[in-house]
Structures are given as C-alpha cells and as structure tokens.
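Colleague: I have the sequence and the model open. Can we go through it feature by feature?

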Amino acid sequence: MLNTLVIKYAAPCNLNCTYCYEYNHGDDTWKSKPKKISLDVIEEIAKKTRNYLASKKSLIFNIVAHGGEPLLLPPKYLQETYEIFQSYLKNFNVNYSMQTNATLINKEYCEIFKKYNIRLGISLDGDKGANEFRVDHKGNNTFERAVKGISILKNNNCMKNISGILSVINPNSNPKDVLDTFIETEIKMIDFLLPFLTHDSLDSTLRDNIKSGTYDWLNVIYNLWINNKKYHSLKIRIFEDALQSTLTLKPKTDWFAQKSLNYLVIESDGKIDLLDHLKVIGEKSSLFRSTDLNIKENELGTVIKISEEFINKLKIYEIPDDCKGCKWESICGGGYAPHRFSNANDFNNKSFYCDINFSLLENANIYINQNKKFLKQPLS
C-alpha cells in the first residue's frame, strides 16, 4: 500500500557527487525542471494526500523532502511548505522527513526541524577519505562542511531529529575508519548503499572492480560489526534488513525485492515517477520510471492504479529467469530494480550485485543459526 511520497523540493544540488544517479549517469531531465518546487504544487500534493488518507485514517504516511538538496529552499519558503502540509494533514498520521547533505544547515533551519518534527537523513560516506566522491561543483571534498552541519544540529538540540546516515559505499575506503567516524557523530543508524550501477554502467572492468571491491568491503564491515562491541551501538540497516528478511522469510526492503507499490516520487514540476533511482539507467530512463502523470491533475488513487499497471508491464515484481531455483529466490527477488537493469533484458536479470545479496543472506542465516536462543522475536 502506498505510504510514502518522496518530493523533489529542489531540482539542482549544491554538491556534485561523482556517483550521483540524479546528475552523473546520463539523465539530464532535472535541467528542465523548476529549480524549486512551487507552493502551488505543494498545495496540490497536500490536497491529494488528504483525499487519499480520508479513507485510510489509521495509515501512517510519510512525506519525504528530497532533491537535489532541499535546503536550497530558503528557511522562510521551506517553512511555508510545511505550513501548507499541516493545514491539510494535521488530522492524519503523517511523518515528515528530509534527506540532506547537511552542508547548508543553520540555526533557522534547526528551528523548522524542531517545529514540524522533521526527521533528517544525513548523506555522509564516512571519514574524509571515504568522502572523496562527495564534492562540490569545484571538485572540493565536502566532509568538513557536512560535519559542521551535524555540529550545528547538536548545538541546537536537533540530534533527536536525525534518523540516520545515508552512506554510499566507497570500496577504496578503510571500513574501520568509516565506522569510527560514524561512532564519533553519535548517530546510531547507518544505511549503507551499494553504488548505483546497472549491468551496462561504466566500463565493464571498472564496473566489475567496484563490485568485487564492495563485496570485500562489506564483509570486513560485517565482521567488525558482529565481533567488536565498540560497534554494537550502530544499527546497520543493510545487515539488519538481511537478518529480518531471513528470520521472517519475507523481504524487509526493496533492496532485496519489491513486491508492492509503497512509495512514489514527485518531481519539482509535479510529475510523478515510480522510482528516481532508475535514473541510473541513463538518458532513456524516463521510459522505465515516468508515469506521465502530474499530481496537479490526478488523485493518488488514479496514480496508484496506473503505476501498478506500469510496474506489471515492466515486470519489476517478477523473479528474473536466472534467479529461479536460487535458495534465496523468495527473499531476494532478484535484488533492487535499478541494479537488475540491462539494455538487453530490461529488468529480467539477477542483480548486478547478486554475489553481495547472496552473501548478505548467507551471513544472516549463519548468524541466526548460531544465535537461535537469543532470537525469539524478530529484530525491530
């Protein structure tokens, strides 16, 4: 069931991370979008969300500010967007969150975060060396600016607003240094992302080097996390999701398998996408992600129906042929849709990161078998 709208508050970004699926994989559609979302589009989203929730009052719904960088919106303008949402959605169970690179945070923004209880995901890849690809438009490493932003959050009593860190794996980095950096931030939840690649991304040799390096890197991180009490305070989502999925025999997240439409992406002009990560496909990605609908003209019920028909046409929910018979077929489901794509077969491929997904689930299974008496209840 749809429970989340990811809203592109800003089309551009103040950073230029070299691995970014939005700007650096050949999809340039962001250039034709409004630089910031209009208040009229925000109001349409709020209205359509209210109408959708009217018959689903018990549903917990999530409004996620995304980008680009959402803090490119000035504080006053940003606050107006949440005033609009509050005016339409105050009687429903709505959570507000934001994904930010933290480099633009100041006291004014902190007051907005607290007033509307906005949960923050911070984009940070670890220590300064690990952040070598998180650069500004002049090519400068932005690590110090992000750390300063986190410090401002701490000094303004906003630590409780931070939900976690979103960290794209840099296989060139030192895994221990990355974990130690996250310990120092005092942020407890870490969401490691596999670099966004399809079967056709980059030069094949470079692509395979990234895959093998990421495999080795994750194994080191896993062993550090499992065997060193220093890191037990960290919740590492990719490992906990693997454990949860293996315990329940159901995928916990679409990183392993997407079985239903839980979220949609709304661009700054109001157009609606299935999944913005599919921009990693490149210049023709709109063929696989754009619903050709706009929130200004369509109710969410209509959008959901057409989106599900589109997904079925693309066969995103189907198990790829080369995954059938795998012991983890029902849990992995072939892996995350962007990682499955190829020009030859669309989504009918096992994940580019199949070996990593298999290893994650194998390690989870080994851990569960070794600790059965301690795992009477599923992980939270």
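Colleague: Which residue in strand 6 stands opposite leucine 166?

Modeller: Strands are DSSP E runs of at least two residues and helices are H or I runs of at least four, both numbered from the N terminus. Strand 5 pairs with strand 6 (residues 189-193), where pairing needs at least two DSSP bridges. The two run parallel and share four bridges. Opposite leucine 166 stands aspartate 191.

Colleague: What pLDDT do local features need?

Modeller: Numbering starts from 1 along each chain as its sequence is written, and side-chain values use heavy atoms, leaving out hydrogens and water. This is a predicted model: totals for chains, interfaces and linings use all residues, side-chain atom pairs count only at pLDDT 80 or more, and local features need pLDDT of at least 70.

Colleague: What is the bridge partner of leucine 120 in strand 5?

Modeller: Strand 4 (residues 119-123) runs parallel to strand 5, and four bridges join them. In strand 5, leucine 120 has as its bridge partner isoleucine 162.

Colleague: Which helix does the chain pass through from strand 4 to strand 5?

Modeller: The β-α-β crossover here is right-handed. That term means a clockwise path from the first strand over the helix to the second, with the strands pointing away from the viewer. Strand 5, helix 5 (residues 175-185) and strand 6 also make a right-handed unit. Between strand 4 and strand 5, the chain passes through helix 4 (residues 143-155).

Colleague: Within what arc do the buried residues of helix 3 fall?

Modeller: Helix 3 spans residues 107-115, and its buried residues are Tyr109, Cys110, Ile112 and Phe113. They line one face, because seen down the axis, with directions taken from the axis to the C-beta atoms, they fall within an arc of 160°.

Colleague: Which exposed residues sit on the face of helix 3 turned away from its buried side?

Modeller: The buried residues pack against helix 2 (75-89), strand 3 (94-100), strand 4 and helix 4. The face turned away carries Lys107, Glu108 and Lys115.

Colleague: How far is the sulfur of cysteine 20 from the closest cysteine sulfur?

Modeller: The whole structure has zero disulfides, a disulfide being a pair of cysteine sulfurs within 2.5 Å. Cysteine 17 is buried at 9% relative accessibility, and cysteine 20 is buried at 15%. The closest sulfur to that of cysteine 20 is in cysteine 17, too far for a bond, at 6.3 Å.

Colleague: Which residues touch the most other members of the largest nonpolar core?

Modeller: A nonpolar core joins buried Ala, Val, Leu, Ile, Met, Phe, Trp, Tyr and Cys residues through side-chain atoms within 4.5 Å. The largest one has 118 residues. Contact means heavy atoms within 4.5 Å; leaving out residues up to four places away in sequence, phenylalanine 85 touches several residues, including Ile7, Tyr9, Ile42 and Tyr96. Those touching the most other core members are Leu5, Tyr9, Tyr82, Phe85 and Phe192.

Colleague: What is omega for the peptide bond from glycine 67 to glycine 68?

Modeller: Most peptide bonds are trans. This one is cis. Glycine 68 lies in the loop between strand 2 (61-66) and helix 2. Omega is near 10°.

Colleague: Where does phi of leucine 249 lie?

Modeller: Most residues other than glycine have a negative phi. Leucine 249 sits in the loop between helix 7 (237-248) and strand 8 (263-266), and is exposed at 58% relative accessible area. Its phi is positive, near 60°.

Colleague: What about phi of aspartate 346?

Modeller: Aspartate 346 is in the loop between helix 11 (337-340) and helix 12 (354-370). It is partly exposed, with a relative accessible area of 31%. Its phi is positive too, at about 55°.

Colleague: How far apart are the C-alpha atoms of histidine 339 and phenylalanine 352?

Modeller: Histidine 339 lies in helix 11 and is buried at 2% relative accessible area. Beyond four places in sequence, its contacts include Leu194, His199, Trp255 and Phe352. Histidine 339 and phenylalanine 352 are 13 residues apart along the chain, and their C-alpha separation is 5.3 Å.

Methods:
Buried means under 20% relative accessible area, exposed over 50%, partly exposed in between (1.4 Å probe, protein chains only).
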